[in-house]
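Here's a quick briefing to read alongside the model. Take a look at the structure first, then we'll go through the salt bridges, the sheet and the helix packing.

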Amino acid sequence: MNVNHLDRVFHALASAPRRQIIAFLSQTALSTTELAGRFGVSPPAVSRHLSVLANAGLVRTERQGRRVLYRLERDALLEALARFASEADGPLRREPPMPRAPREAI
């Protein structure tokens with residue numbers, strides 16, 4: 001996972017409606033229309049959010065007849081969060097600098 005991909009993931013997660021979509025999709029696969037009904041917004045608005053999530057690799061589509069269902073890519077989400085946690089924790093795990101010996105006065 002490169003930095004640009006991680007940026008796309010966090011851009012996608014920066015939106016409260018997209019985080020809610022992820023929460024719904026963590027339970028079951030849903031269509032754009034089903035998600036729109038849960039949010040009370042238009043299917044095109046939900047479709048735009050789903051496009052951002054798909055571009056970040058956080059959701060995938062599955063065709064069932066004429067319906068297109070969206071599913072959460074749980075591993076992609078967890079990998080991005082783990083990478084961020086690792087990067088954020090990295091500076092804390094570095095060895096502290098060795099204390100210098102006191103200088104002697106001349």
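Which residue forms a salt bridge with R83, and how far apart are the closest N and O atoms? The partner is E87, with those atoms 3.0 Å apart. Keep in mind that this is a predicted model.

**Salt bridges**

- R83 and E87 both sit in helix α5, four residues apart, or about one turn of the helix.
- R83 has a relative accessible area of 23%, so it counts as partly exposed, and E87 is partly exposed too, at 43%.
- Elsewhere, salt bridges with shared partners tie R60, E62, R71 and E73 into one network.
- Within that group, R60 pairs with E73, and their closest N and O atoms are 2.9 Å apart.
- That pair links distant parts of the chain: R60 belongs to strand β2, while E73 is in the loop between β3 and α5 (74-93), 13 residues apart.
- R60 is partly exposed at 37% relative accessibility, and E73 is partly exposed at 25%.
- E62 pairs with R71, with 2.7 Å between the closest N and O atoms.
- Both ends of this one are partly exposed as well: E62 has a relative accessible area of 23%, and R71 comes in at 28%.

**The sheet**

- Three strands make an open sheet in the order β1-β3-β2, and the pairing is antiparallel.
- β1 (30-31) and β2 (59-64) are the edge strands; each has a single partner strand, so one side of each has no neighbour in the sheet.
- β2 and β3 (residues 67-72) run antiparallel and are joined by six bridges.

**Helix packing**

- The axes of α2 (residues 16-25) and α4 (residues 43-55) come within 10 Å of each other and cross at roughly 80°.
- That angle makes α2 roughly perpendicular to α4.
- On the α2 side, the contact involves P17, R18, I21, I22 and L25; they meet V46, H49, L50, V52 and L53 of α4.
- Sorted by type, the residues of this α2 and α4 contact are eight nonpolar, one polar and one charged.

Methods
Residues numbered from 1 in each chain as written. Predicted model: local features only at pLDDT ≥ 70, side-chain atom pairs only at ≥ 80, totals over all residues. Heavy atoms only, no water. Axes fitted to C-alpha atoms, helices over the stretch in contact; angles between N-to-C directions. Helix = DSSP H or I, 4+ residues; strand = E, 2+ residues; numbered from the N terminus. Parallel < 35°, antiparallel > 145°, perpendicular 65-115°, else oblique. Contact = heavy atoms within 4.5 Å. Nonpolar A, V, L, I, M, F, W, Y, C, P; charged D, E, K, R; others polar. Pairing = 2+ DSSP bridges. Salt bridge = Lys/Arg side-chain N within 4 Å of Asp/Glu carboxyl O. Buried < 20%, exposed > 50% of the residue type's maximum accessible area, 1.4 Å probe, protein only.
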